[in-house]
Amino acid sequence: DLVRITNDLLVDGRADPTVNNNSNLIIAIEKGYIGIVRLLLMDGRIDPGVNNNQALKKAVAFLDIPMVRLLLDDPRLDLSRGGIDSLIIAFELENLG
């Protein structure tokens with residue numbers, strides 16, 4: 001399964017999850033693979049705030065509240081790096097849903 005394969009690659013150490021500005025994280029968010037996103041966030045090399053919080057913005061764009069919550073729980077996410085608008089949208093979505 002994809003989570004096990006992702007874990008094996010991360011544990012091996014030869015795979016770089018940060019390649020192309022965290023594209024692996026962004027793709028996992030787009031696909032809704034919350035288990036893989038969780039694994040990637042547990043890897044110390046990933047910075048969920050890269051590119052003005054692109055990961056958070058992507059999760060909000062996909063209306064994925066569990067993914068938004070997962071990202072917001074990460075202490076490395078710095079909302080001063082362009083995430084305030086996404087946070088407001090996420091809050092509004094949560095109140096509508």
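Which helix gives the largest share of the lining of the largest pocket?

## Basis of the model

This is a predicted model, in which local features need pLDDT of at least 70, side-chain atom pairs count only at pLDDT 80 or more, and totals for chains, interfaces and linings use all residues. Residues are numbered from 1 along each chain as its sequence is written, and side-chain values use heavy atoms, with hydrogens and water left out.

## The largest pocket

H1 gives the largest share of the lining, five residues. The lining of the largest pocket has 14 residues in total, and Thr 6, Leu 9, Asn 24, Ile 36 and Leu 40 lie nearest the centre. Two or more lining residues come from each of helix H1 (2-12), H2 and H3. Helices here are DSSP runs of H or I with at least four residues, numbered from the N terminus.

The space in this pocket is about 270 Å³. A pocket is an open set of points on a 1 Å grid over the protein atoms alone, where a 1.4 Å probe fits, with protein on both sides within 12 Å along at least five of seven lines; lining residues have an atom within 4 Å of a point. Grid points are joined across faces, edges and corners, and the volume is the space filled by probe spheres set on the points.

Asn 24 belongs to helix H2 (residues 19-31). Its relative accessibility is 33%, so Asn 24 counts as partly exposed (buried means under 20% relative accessible area, exposed over 50%, partly exposed in between, with a 1.4 Å probe and protein chains only). Leaving aside residues up to four places away in sequence, Asn 24 touches Asp 16, Pro 17, Val 19 and Leu 40; contact means heavy atoms within 4.5 Å. Between the C-alpha atoms of Asn 24 and Ile 46, 22 residues apart along the chain, the separation is 9.8 Å.

Asn 22 is also found in helix H2. Asn 22 counts as buried because its relative accessibility is 4%. Not counting residues up to four places away in sequence, Asn 22 touches Pro 17, Ile 46, Asp 47, Pro 48 and Val 50.

## Two loop residues

Asp 74 lies in the loop between helix H5 (65-72) and helix H6 (84-96). With a relative accessible area of 9%, Asp 74 is buried. Beyond residues up to four places away in sequence, Asp 74 touches Leu 41 and Pro 48.

Tyr 33 is placed in the loop between H2 and helix H3 (34-42). Its relative accessible area is 37%, and Tyr 33 is therefore partly exposed.
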